[in-house]
2 protein chains.
Amino acid sequence: MISKAQIKEIRLLHLKKHRERYGCFVAEGDKTVCSFLESPWYVVERIYALPVWVEARSTILQLHPDVPVEIIDPDQLSQISRLHTPQQVLALIRLPVPLALPARLHELVLALDAIRDPGNLGTIIRIADWFGIRYICCSPDCADVFQPKVVQASMGSLAHVHIVEETLTTLFQQHPDIPVLAATLNGKPIQQFQWNRDQTRAAFLLIGNEAHGISPALLQMATTCITIPRLGQAESLNAAIATGILCAFLCLTETARPAPDKSAE
Amino acid sequence: MISKAQIKEIRLLHLKKHRERYGCFVAEGDKTVCSFLESPWYVVERIYALPVWVEARSTILQLHPDVPVEIIDPDQLSQISRLHTPQQVLALIRLPVPLALPARLHELVLALDAIRDPGNLGTIIRIADWFGIRYICCSPDCADVFQPKVVQASMGSLAHVHIVEETLTTLFQQHPDIPVLAATLNGKPIQQFQWNRDQTRAAFLLIGNEAHGISPALLQMATTCITIPRLGQAESLNAAIATGILCAFLCLTETARPAPDKSAE
């Protein structure tokens, strides 16, 4: 059962101020809800589900006996869902404690400068998860990662990737030894770029705003500018597509290609 | 000026049957409309624009004196636009004559199997345009490329890329000498795949449906399966992201890497 007051409360959670007031956000759909149930970093506060979902997911629910499950009907689900086609289950997840980046890093970290489109941000979280990138730093003017469209577009990957909200100039100053690779239109072609992992295993990959690119103050802090060469006529690539391509080159090719010193043997 | 009958007619064009009946489709926004004006393959039938756009684009309009321009006001534009924020200009473009693939091919061609999401399809067209890919073959169950959301997501790139609608099994049978590279989850890692361009400059890159992947009948026709290795936990990558990464590797790395016979010298 679900009361009218609960329905109203859940519907308010699409706004950040109400998420902060109630300390939780909404996740929808089987895959996304299961990802949060299985994540060691999130607490699922309550599940609202159709009987068919509760039956299908009895095994995972038995592993989480402390999570209250409210059985609702399709009409009630459509009242709390923000999806065109509600997907059997909706969960309230506790907002995580704000996270800082570890002091010592030995891996690729995404740094997002004002990614405002929630679909792009969710897709970038999913890309990071695919390539095993564990940390994404979002500037304060990025879309809020806990808004419904971001959670939805991340397809459960939000449960696997740590999100750090931080002013990026501060972040780069705190980690002066970590190179900043800035994605621009006129840098080193990505297929020729050698990220010397042996020397410095950590790097920030800095991705700019969809319309304005990387802000000048941040661009000044870049160690290297890298570029996806344009062979045709399109003016730009979507920010998530560019992130996918750059992550693929940085994460896949260095392990495939011999390191410079080894090839010289 | 724009009549009520014209407004009604334009609003009907979001449906394929009406696009076919009237023989035209709608493009919105400065960049997209200018791309179609400049394209040798498309005929712009009529432009509806705010005075500010007509003034700003007087140079390009003078190059196309045969295109009728109707000056309208913001209220009229909002009546014919399908955008949340209408963008100063909307054009009716004549539907192109259905195109077949050239008999002889010497380049990478995208083959899309049931890409149903219009945003994905538009983004894939933009990716193709970025990498200079000139032909995209769409199976008949792909989203219609001339529907508003696809045109919008392609950001003008639809004017630069040829779209061929064809049953893909027929297409591959018509081109038995051209290898079919199928994007799957368990093929050859893309960073290790050598597309021997010297031997066969043409190839089809086959991308499957967002939910179901490549259909079994098409998968049987694949010459090679290629994969973006997964290093993390995400279950899948979005179809457009996967296309972007595969195109980047296929289009960028072969030119950067020496050809096998040259490296053996």
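These are my notebook entries on a predicted two-chain model, chains A and B.

**Conventions.** I number residues from 1 along each chain as its sequence is written, and chains are lettered from A in the order in which they are written. Since the model is predicted, local features need pLDDT of at least 70, side-chain atom pairs count only at pLDDT 80 or more, and totals for chains, interfaces and linings use all residues.

**Chain A overall.** I looked up the secondary structure of chain A and found twelve helices and ten strands. These are DSSP runs numbered from the N terminus: helices are H or I of at least four residues, strands E of at least two. The C-alpha trace of chain A spans about 65 × 40 × 40 Å along its principal axes. Of its 265 residues, 42% count as buried (20 or more other C-beta atoms within 10 Å of the residue's own, with C-beta atoms placed from the backbone). I then checked contacts (C-beta atoms, placed from the backbone, within 7 Å). Among those in chain A between residues at least 6 apart in sequence, 80% join residues at least 24 apart.

**Domains of chain A.** Chain A is divided into domain 1 (4–94) and domain 2 (108–263); the bounds come from an automatic or database domain assignment. Their C-alpha centres lie 31 Å apart. I found 14 residues of domain 1 in contact with ten residues of domain 2. On the domain 1 side, helix H2 (16–22), strand E1 (24–28) and helix H3 (30–38) each supply at least two residues.

Leaving aside neighbours within four places in sequence, A:Leu205 is in contact with residues including A:Leu108, A:Leu181, A:Leu246 and A:Leu250.

**Chain contact.** The contact takes 29 residues from chain B and 29 residues from chain A. In chain B, helix H7 (118–130) and helix H11 (239–256) each supply at least two residues of the side that touches chain A. H11(B) gives the most, with nine residues.

**Symmetry.** I superposed the copies by least squares on the C-alpha atoms of residues with pLDDT of at least 70 in both. Chain B can be laid on chain A with an RMSD of 0.0 Å by a turn of 180° and a shift of 0.0 Å along the axis. That is the relation of a two-fold axis. In chain B, the C-alpha of B:Ile245 is nearest the axis, 2.4 Å from it. The same surface serves both copies, as 100% of the contact residues of chain B recur in chain A.

Notes. Two residues are in contact if their C-beta atoms, placed from the backbone, lie within 7 Å. A residue is buried if 20 or more other C-beta atoms lie within 10 Å of its own, exposed if 12 or fewer, and partly exposed in between; C-beta atoms are placed from the backbone.
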